[in-house]
Each structure stands twice: as C-alpha cells, then as structure tokens.
Amino acid sequence: MRGWPAPIVAVLALVVPASALAADATIRRTAQGIPHIQAKNYRGIGYGYGYAFAQDDICPIAEDYVTVNGERSRWFGADGSYEQRGNGQTFNNLNSDFFWKQIIDSKVIEGLLAKKPPYGPKQSIRQGVRGYVAGYNRYLHEVRGPDGITDPACKGKQWVRPITVRDAYLRFYQLTLLASQDVAVDGIGSAQPPGPSLPVPGLSVPQTAQGLAARLPVKGAGSNAVAVGRAGTADHKHGLLLGNPHFPWEGTERFYQAQLTIPGKLDVQGASLFGVPLILIGHTRTMAWSHTVSTAFRFTPYQLTLVPGSPTTYLYDGRPEQMTSRNVTVLVRQPDGSLAPQSRTLYSTRFGPMLTSLVGIPLPWTPTTAFAMRDANADNFRVFNHFYDVDRARSVNGVLKILNKYQGIPWVNTIAADRSGHALYADIGAMPNVTDQKAADCNTALGKATFSLVGLPVLDGSRSACEWGNDPDAVEPGLLGRSKQPHLWRRDYVTNSNDSYWLSNPHHPLTGFPRIVGDEGTARSLRTRIGLIMTQDIVDHGGFTRQKMQDMVFSDRQYAGELTRDSLVSMCRDMQLGAPCDILAAWDLRENTDSRGGLLFRRFWERAASAEPSPWAHAFDANDPVHTPNTLDTSNPQVRAALNGAISDLNNAGIPLDGPLGQFQFVTRNGVRIPIHGGPDADGDFNSINVDWVDGKGVSEPPHGSSYVQVVTWGRSRCPNARTILTYSQSVNPNSPFYSDQTRLYSQKKWVRDRFCRRDVLRGTRSTTRVRTGHRTRVRRGSSG
C-alpha cells in the first residue's frame, strides 16, 4: 500500500487472532453523525464502534497510542512535550516514554488481564476490546493507511499504525490513572537517586505544601450533574437527569457520542472518552447517569527515610529494604532522523514507584529522604466491569449495587436518576484507606501541611503502622470501605459541581467522612452555589421539566456578577470612571453571546477574586453555605485597583468595554468564527467555558468546558425523553461534515433530539454501514425506515 511500509500492512492480519476478528455490525448514523451501532454480541459492538470512531477521530487517538507505547521520543523527539488535557498536566516526551515503557516492561497490563472478574475484565469486555481493535484496523486498511486519512493532522504520518489489544488496554489504564500516577508522569519517569557529586536541593515544607495545594486536586476536568427525583419534577412521577461534564475540547479526553445495541441484552446511549468502546455517561431505557470529578484523592505519597550512604535503600520498621530497579530503554530520534536507544534505571518500593515531582512541584530525592507513590488505581481494571454493568442497569438502585460491588470508579462522583423517580449521589470508588486518625498518626511534616490545606496525606514510609488500612467492607485490602464513602438518596434532588459531597443536597448535608474524601463545613464554589440556587428555585416553583433543565444549564447566569454588580457600579461611580459604570449598570448579568459588559466584569472579577484580604464584605457562614460569602468589599484597595486593571486590559486588547461577548469569545472552524456563550466556572457560570485571557489580545479560544450535555427524563412513552448537545461536535477532522455542526447548534442554544427507540432511530437514519469480517463494507444513504 502506497505510503505504508509492507511490514505494517502485514501486521493488520496479525495484531488480533483471526478467530477473534469474526464480527458483524450495523452502523446507522442519524443527524450530526451520531452512530447507532447494533450487533449480535459484544465483539460486533466493539467492531462497529472501532470502525465508526476511527472514521471520525483517528488522529488524536493514534497519537495517544504513540504516547502509551512509550514512543513519543521516537516520532516527535525527546525534548518535545505534550499536554495530558484530562488532568491539565504537561509532560516531557522522554520522561513520558520511560514512564510508559516501565509499565509495559513490568507487564502490569498482562497481570490485570490474568485476573478473573471482578478484578479482571469480564469475557464480554474482552470480546468487545478485540472487536474494537479489529474495527479500528479495518478502517485503516480500507483507507490504505495514513496516506488515505483525510484529516490533515495525521495524514501521511507513519506513526498512525494498526493497533493491538495491548494498545487498547494501555489507553484504558492511562484513563484509570488520570488523577493518580498520570499527574506525576514527569516525576516518575525522571526519578533518579542523587549522585555523589551533584548538589541536591533540600525540601522546603511550606513552599512545597503551598505549591501542591495550588494544583491539587487536579484541575484539568470538572462537571455539573443534577439528578431530580419525583418530588422535584413537574409530573411527580418520573426522575430527570442533567449531565454536564466540563472536559477538554481538544485531545483524547473529548467525548464520542454513540448508541450501542445488542437486541435483548444491551441498549445504551451516551458518550465515552476516546478509545473506550463502552458508554461512560448516558442512559438506558429507564435509567440515566453522569459523573463529576471527585475531590477524593486516589493516591498518597510516602516519605522514605534512606539508609546513609545508600540512596536506594530505605528503612522499614528499623530494617533496611532495597528498592527494586528496572533498566528501561526507549528509542530516541536524532537530529539526522536516525534512531538511537537511550536507557534509564527507574526504581520502585513496596508502596509503588519513586517520584521526584508531583503536578510539577519538586519532591527532591536527597541522600537522606525520598518519596514514593501508592496508587489506589494501580490495579484497578474493575472499572470496566463497572461500566459494563451500568450500561445494562435499569434503576438507580441497580447503579448503587454496582458501585458497591466493584468500587471501581477511579476519580469521579456518580449522579443518577430513573424512570421511577429516584435520585442518587455517590462518591464510591477506589480511595486510599487513610482515616483522619491514620493521617494524624502518620503524616510527616509535609503531610501535616498538605493535609491541613487540601486533605492530601504524606505518610511516613518508615513504619508499617502507616500502611493503608484494611476494611472488611472494601473490595480489596488498602481501599476505604464502602461505609466510609458517601452516598445520598433523595426524592427531590441531588447535585454536584466538583465540590465535595457535603452539600449534595443542602437539606441533608453529608458529614463524618474521612478528610481524604473531601471537606465539610467550608465555602462552596460560586458554580456550586448558583447550581443549588437555580435547582431549588425550580423545584419550589412547579418542578422540573426537560425544557426547564435545558433552560437552566444554558441560562448563562453570572453569579459573581449577581452578587457584586450593584456594589461595583456604586464604587465605579464613586471613583468617577464615567462610561464603564454605565456599561456595567446596563449589563444583563449573563454571559450570552449578545451580553454587553460581561467581558469587562469578567476581567474585573478575575483580578478581584484573588485579593488579599478577601474581596467579600460578608464572610462564609456554615449556617448559610449556599448564600455566603457575599457582598463586595468596595473599601478594599485591591478591589478598586481591579476595576482600573480590567478597563486597561480591554483597552490594550482593542476590545470595546461594551463589546458583545460572542464577538470576542468564539471558536474558529474552517475559517469561520462561531460565537460561544458561557464563561469560566470561577466566575460562577454554571455553563462553564474555561477560556484564558491573553494580555494584549483578549479571550483565547475555549480549550475546555461544557462538552457532552444531556437532559434525560421520562413520560408516558416507553422511550426516554432526552436532548443532547456535543458542544465541539463529533469529529476533529476539518473535512468531516460533523466537524462543527453541533458547535453551531450550541452557539444558538439549540439541542439534538435523542433517538433511542428503534423506530425513532430508523426514521432518523441518514446512512447505514454494514461491516463484517470477510466481506466488503456496504454503505447505504438515506432513511432505513
């Protein structure tokens, strides 16, 4: 095949055994290119999913398969870097390669696959993964390799290749570790003991603790979710769910929308992160669920006491214990294009791998002390059994049983509602068993500081008493037991917007859980507060309908503005600033595309929010947590300076102070600017669009924010009553018809009708593709019914 080396072509038939490739799937695409995949078994589902997904989004995932195979230095150079957008971290290519090659060489994936359920994947999942790999590779084969790809991001690139089953599981593992080892890729991949002649910086406890607290928990993802029970809906019979994950608009932590159907066995619609042939957020016929990023830590650092003169030996209960070492070799592209091997010895302990930085904050390996990481997700393939079961669940009670059975959720809360009118919030999953008493007994000086600031323990690695605890109701030793993890049933509503479990419903605060899970009795984010206020208001005034929830999530109310605008205008006029005061007074307190004055306020608030002392005149009150803190402190000099600074920011960027938001906040698709409504979550916009301010230029194009948004409820029909929108659209390929269609709909606050029942899918079908092993692909345009 032209442009594809013959050995690679030959691999197409070898990467998966022929017997495992037999598969048959029908892919019906409805409006916006949403694939409805039907097959007789999970192998067929995976086959159809892999084929359809590769058609739409092959370039980002192909690059990610380079990453998880430890080959970035080979293809992109050792000095390059990439961003793991799902956790907001940037890593060096060479360090990343050593990190992933160590995982490959240790055969951790093979070890997890050797386990029986519930610890290893069920047989149906294994079949689905083989089908996914075969379907992905079939697409590559049909387009004749990289040269036939139409996306310019990877057209003709030799790093686009057929994948193996191991590649797929490495991607799964990457996602499982997203909030644990994946935030320390550089620190683990570069960890080296001190040399005899090299100076090693010491550990500054206050500086390190403050640095970690500023970056933890991970900031790369967020979400809103609201589950409404029958007491909170207008018909008082059925439940309703809003799922509103705030995830990257670029890279592999985008969502891909699909429906998966095996008649009589499986019928689920929703979205999954790139490369996962299961629905991770969505709905079945009678139950809907979503996830929000949890505050619970999924790892703990251990601080080691080293044996003098031997920096790879540490003390454990007074006895020396040698670290294990592994020599890891990767290929590195040279300036002349040739490849050369480069090796590094990496070290591990009884707790886990050594590391010398965490979220970019140095944790120095000195002659006397060093750090290792224990990761609650290091052996977690239970998560895929969890989603396999949830994809077939019929009720919220069924979801709770699945959560308790596997404790497999790696870094998110679960929010669910069902047709019968039940609502559930839960943060049940893989968490270190570190009680507050254990933290008090075992925290090092650094651990005392980080635990006080953000709830992260740093434990004493020299004592066996500081190992994670064992609970009889945990799925495996070392994990926090189910009884120590929060959940809440309600008939009115539950909600989460990335604060802890505490105020999932203000009428029933959850308390008494270990600090490592989250905080209690502390100020909630502005986004959490506006979500609770809007939800309670609708429940109190007739209850939710699908349309009311749609209107709520895209209302684009700016809560910081609601709390402070009037005081700000008075301050502005006291400062005799003239026109800016009138512009702020006329602002509609929204971040709609036609809102004027919103950008001026946003720049003011982003400057004022960090004021010391606080910009609030009335402090947080635990007895009124939804409404406090409040009222702008107009006597604070930093608050006053923030307004002058905001005016200068817009003037320097050439933006009129009353410029409409959508003229300056947009995405560009094939040269066309599409206005984007919403705003940063720190400003209290429930519809989070997390843009950056670029001095002298203005607002960046959105890298992150509302992504796959679903509103699901039920009525008299047997079919769910749902609407969705995938804000950045289904495909990354600028040559695809599905590259910007949903983005244009989102810009206009329009939604896509969710087609779930077979009759509705057939009526809405735009094309039908039949893919079967051993047969030519058949495509038919037009409706199937």
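The model is predicted: local features need pLDDT of at least 70, side-chain atom pairs count only at pLDDT 80 or more, and totals for chains, interfaces and linings use all residues. Residues are numbered from 1 along each chain as its sequence is written, and side-chain values use heavy atoms, leaving out hydrogens and water.

**Overall build**
- The protein chain has 23 helices and 36 strands. Helices (H or I, at least four residues) and strands (E, at least two) are DSSP runs, numbered from the N terminus.
- The C-alpha atoms fill a box of roughly 75 × 75 × 55 Å along the principal axes.
- Of the 785 residues, 63% are buried. Buried means under 20% relative accessible area, exposed over 50%, and partly exposed in between (1.4 Å probe, protein chains only).
- Among contacts with a separation of 6 or more, 69% join residues 24 or more positions apart. A contact means heavy atoms within 4.5 Å.

**Helix α14 (residues 445-454)**
- Leu-446, Gly-447, Thr-450, Phe-451 and Val-454 are buried.
- These residues cover an arc of only 125 degrees around the axis, so they sit on the same side of α14. The arc is that of the directions from the helix axis to the C-beta atoms.
- Ala-445, Lys-448 and Ser-452 are exposed on the other side.
- Cover for the buried residues includes α10 (205-215), β11 (299-307), β19 (369-375) and α13 (436-442).
- Gly-455 follows α14 and has a positive phi, near 90 degrees.

**Helix α16 (residues 546-553)**
- The buried residues here are Arg-546, Met-549, Gln-550, Met-552 and Val-553.

**Phe-756**
- Phe-756 lies in the loop between β34 (752-753) and α23 (758-764).
- Phe-756 counts as buried because its relative accessibility is 2%.
- Leaving out residues up to four places away in sequence, Phe-756 touches several residues, including Gln-259, Asp-267, His-283, Arg-285 and Pro-720.
- Pro-410 is 346 residues from Phe-756 along the chain, and their C-alpha atoms are 28 Å apart.
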